[in-house]
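Please keep the structure open beside the text as you read.

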Amino acid sequence: MEADRSLYVKDPLRDFTREGTFSFRRTMLFMTQMESHSTNREINDFFLSQGRPVTQSAFVQARDKFNDKAFPALLQRFNDKYPFRKTKNGLHIFAIDGSDLNVPADKTDCSTFISYNSNQGGYHQLHVNLMYDLLEKRYSDVVIQPRAEIRETAAACDMVARSPLDRNCLYIFDRGYISLNLMAHIVDRNSFFLIRAKEINSAKSLFSRLRLPDAEEFDVPVRFVVTRNPKLWRKDPCLYKLIHNDRAFDFIDAGDKESIFDLRFRLVCVKLDSGTFEYLITNLPSKNYPSEALKELYHLRWDIE
């Protein structure tokens with residue numbers, strides 16, 4: 001990256017052009033090794049051991065020279081250097097989830113501002129969306145969004161779409177990630193999803209029109225044909241899923257009433273040891289992955305927490 005420095009700095013003609021205490025390489029190494037201490041202590045621990053007394057102000061100025069491409073590129077190059085090799089039953093297994101991070105207040109930045117319930121002031125946050133390899137125990141991708149503009153499923157679609165592994169991946173999600181667009185992205189990559197569903201009997205549920213078995217536990221095949229054509233949806237609302245033109249579905253353009261996307265998966269209800277019931281949706285084949293195997297796979301997801 002240092003050899004291609006101009007790609008990762010704001011001013012290629014000036015930034016890191018001289019070899020000083022805060023060179024491109026040393027500044028980036030320092031930032032990747034910082035822990036949870038104060039900035040001054042981190043500087044002392046890193047630089048004084050090299051006989052280089054420096055100030056916090058000098059570090060802040062050096063840090064500000066990087067552009068938004070620098071650290072995503074570092075993560076990508078690290079993962080290119082050390083490819084993801086571990087599999088379970090031939091599958092690379094990833095969990096995708098998000099977390100909020102408080103950041104210093106900036107009154108000019110409305111996109112990170114969250115007001116208190118009382119509307120008397122507020123705080124600033126970013127939302128970090130992460131993709132984590134559950135077998136390799138390391139992160140493969142990240143999307144950072146302003147908290148006021150959070151779009152978790154869109155971030156998940158982006159990470160799946162640019163994954164270097166274009167097949168034989170299993171992506172595991174908690175509740176809140178059920179999205180026809182996300183499922184289509186995973187199917188398009190010749191891969192698999194396992195998503196915990198919210199209560200499926202509500203009127204707003206994706207599965208509200210399905211006729212489900214009258215049993216505590218079940219495993220039923222589901223087919224949805226995604227369309228932007230209201231006439232097709234009216235013909236069979238149980239089969240067709242209508243996507244309005246103002247909603248994202250990356251495989252059918254807004255206004256396209258001819259194209260369809262065929263989604264086939266399983267809806268599985270399992271009983272936990274606690275006596276409660278969970279709903280899982282997956283396109284893993286039932287022959288190789290019965291309900292007990294799905295429970296085991298979903299349990300792996302807790303590592304991302």
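## Charged pairs and their surroundings

Arg26 is buried, with a relative accessible area of 15%. Here, buried means under 20% relative accessible area, exposed means over 50%, and partly exposed is in between, using a 1.4 Å probe and protein chains only. Before going further, please note that this is a predicted model: local features need pLDDT of at least 70, side-chain atom pairs count only at pLDDT 80 or more, and totals for chains, interfaces and linings use all residues. Residues are numbered from 1 along each chain as its sequence is written, and side-chain values use heavy atoms, with hydrogens and water left out.

The partner of Arg26 is Glu19: the two form a salt bridge in which the closest N and O atoms are 3.8 Å apart. A salt bridge is a side-chain nitrogen of Lys or Arg within 4 Å of a carboxyl oxygen of Asp or Glu.

How many salt bridges does the structure hold? There are 20. Three of them are set out here.

| Pair | N to O distance |
|---|---|
| Arg77 and Asp4 | 3.5 Å |
| Glu19 and Arg26 | 3.8 Å |
| Arg196 and Asp174 | 2.9 Å |

The side chains of Arg77 and Asp4 meet in a salt bridge. This pair links distant parts of the chain, with Arg77 in helix H4 and Asp4 in the segment before H1, 73 residues apart. Helices (H or I, at least four residues) and strands (E, at least two) are DSSP runs, numbered from the N terminus. Arg77 is partly exposed at a relative accessible area of 37%, and Asp4 is also partly exposed, at 33%.

Arg196 and Asp174 form another salt bridge. They too connect distant parts of the chain: Arg196 sits in strand E6 and Asp174 in the loop between strand E5 (169-173) and H6, 22 residues apart. Where do these two residues stand, buried or exposed? Both Arg196 and Asp174 are buried. They also belong to a network of salt bridges that links Asp97, Asp174, Arg196, Glu278, Arg301 and Glu305.

Glu42 is found in helix H2 (residues 39-47). Glu42 is buried yet has no salt bridge. Its nearest side chain of opposite charge, Arg41, is 6.6 Å away; for charge, Lys and Arg count as positive and Asp and Glu as negative, while His and the chain ends are not counted. A polar atom of the Glu42 side chain does lie 2.9 Å from the backbone nitrogen of Glu35. Leaving aside residues up to four places away in sequence, Glu42 touches Phe30, Gln33, Met34, Glu35, Ser36 and His37. Contact means heavy atoms within 4.5 Å.

The buried residues of H4 are Ala70, Ala73 and Asn79, and they pack against helix H1 (24-33) and strand E4 (138-146).

Leu263 belongs to strand E9 (residues 260-271) and is buried, with a relative accessible area of 0%. Which residues does Leu263 touch, not counting those up to four places away in sequence? They are Leu180, Met183, Ala184, Val187, Val222, Arg223, Phe224 and Val226. The C-alpha atoms of Leu263 and Val222 are separated by 8.2 Å, although the residues are 41 apart along the chain.

## Two asparagines with positive phi

Asn89 has a phi near 55 degrees, a positive value in a residue other than glycine. Asn89 lies in the loop between H4 and strand E1 (92-102) and is exposed, with a relative accessible area of 62%. For Asn190, phi is likewise near 55 degrees. Asn190 is in the loop between helix H6 (180-188) and strand E6 (192-197), and is partly exposed at 42% relative accessible area.

## The whole chain

The chain's secondary structure comes to eight helices and ten strands. Of its 305 residues, 39% count as buried. Along its principal axes, the C-alpha trace spans about 70 × 40 × 40 Å.

Conventions. Polar contact = N/O pair within 3.5 Å; in protein donor to acceptor, adjacent residues only side chain to side chain.
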